[in-house]
Amino acid sequence: MKNIDMLLVYPKPGKDSPLQLTPLSILYPGALFESQGMRVAYHDDRFDTEESLIDLIKHSKEIGVSAFTGFQCGEAARILKLAKRLNPEIVTGVGGHHARILPDQVQAEPFVDKVWPLPSYGEYLFPFKPHTEIHFKRTDMQYFTSRGCPFACRFCALRSPWEPKDAGDIDRELRAIHEKAGFDYVSFADPNIAYDRYKDGGGWHTIDSVSRIRQIGKTLRDLKVFWDGNIRSPDLTPEMVESLVYANCTSIEIGCESGNEYFLRNLIKKGHGVEAIKTAAKNIRGSGISMMYSFIANMPGETPAMLRDTMELIDWIVDTDPAARVSIYNYTPYPGSPMFDDAVNGVGGYPKFTPPTTMEGWAQLRLMQTPIYWITGLNFRMDNTKKNFPGEDWKIIEPYVKMAQSKWKSRDVSEFPCEEVERLIERQFEKRRIAAEQEASKEQK
Ligand code: SF4
């Protein structure tokens, strides 16, 4: 008997992600379907078994998967094909970022019956219920205090109006989850946690974002919960840093993108220049908050000289802010932004990009993790490298760290044994997974 109206599945988001964030992209839509009287079941492919997925598929009328462009698309496709094979009557659907930016392409897949193309479903509801508690308890807590980002960075597909959640609701919801799920750390997934203007039925409003962070922080201090989030460089004023420290923030990320003034202001239209990044670094240093400085290399229009400016700025950052963590991602042309069109059209000498036409095709794109990504990571993400290679295992990665350091110094970022490093890290994850399983089975005995 098909006694489940809607089965919502969160496919694995990557091969080796150390973070296991709360699968909000199925929990909010689930709350919406439940509010419409549907019987909803949830499957998180990072934790739940294939046997349980098969059983749920056999008993479901409809299945929906959430997919972000990239690896997760391939997993989503695999699960929907499995569903059609096991239960040919089942209605299949895709939601999430990928369905939003490429609805027609997703709809054209032979194993997809429908697409949910809106940016959000049910996000005004509270998805924490006794039967969803497990999805909060076993994951790294993730939560939103606001939605959207109104800026117009040319490489970004996230832009949408900023919508803050009511501070009273944030307080009530965080306390309710904390009481049952007992977390001590939360990652705020807001793209831009400290924006200050929004529009509702009553028109435009401007808020004091420093006070808002303090207000949210009061809840977090009461609960003894620490957190990380994303902010724009110009918002990191001394007052904001003070407020973040008060609010128990321990880690914050800024999208720097480039160290070249012209590139930042004119080509990607970041809305600020290099000075804003430097001021943010000076304001945050010594505060106790570790800042993650995120850069992107090899975008259409970027010259080797501009990339060298980025590397110079990074050297300045790590000298100025000793708690800095830095990543350079290689640009990947994801649709939904003007820069994607530049990549397709080969603007500025960019090798013309031919976009994949299927979900599985998007899953195979691995453009982000290139020599510059690993060279920067092994230089400036010691936090991750030390976590991945603790104690005696350090010897395994040490030669690659030394190679990365020497390459960074000589500004030689064209080649690196990326696949070897990826394999080593995968092996470390596997080792950790086996150790955790052995530990769990010991506890059971
Ligand atoms: S890159 Fe960041 S600041 Fe720019 S539009 Fe996207 S979310 Fe907003």
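Mentor: Two strands are said to pair if DSSP finds at least two bridges between them, strands being DSSP runs of E of at least two residues, numbered from the N terminus. This is a predicted model, in which local features need pLDDT of at least 70, side-chain atom pairs count only at pLDDT 80 or more, and totals for chains, interfaces and linings use all residues. Residues are numbered from 1 along each chain as its sequence is written, and side-chain values use heavy atoms, with hydrogens and water left out.

Trainee: Over how many bridges do β6 and strand β9 pair?

Mentor: β9 covers residues 185-188, and its pairing with β6 runs in the parallel sense. Within this pairing, Y143 has F188 of β9 as its bridge partner. The number of bridges over which β6 and β9 pair is two.

Trainee: Which strands stand at the edges of the open sheet?

Mentor: The sheet is built from six strands with parallel pairing, in the order β6-β9-β12-β13-β14-β15. An edge strand has a single partner strand, so one side of it is left without a neighbour in the sheet. The strands in that position are β6 (142-143) and β15 (325-330).

Trainee: What radius of gyration does the chain have?

Mentor: The radius is taken over C-alpha atoms, and the globule rule is 2.2 Å times the number of residues to the power 0.38. For 445 residues the rule gives a value near 22 Å for a compact globule, which agrees with that of the chain. The radius of gyration of the chain is 22 Å.

Trainee: What share of the residues of the chain counts as buried?

Mentor: Buried means under 20% relative accessible area, with a 1.4 Å probe and protein chains only. Of the 445 residues, the share that counts as buried is 50%.

Notes. Helix = DSSP H or I, 4+ residues; strand = E, 2+ residues; numbered from the N terminus.
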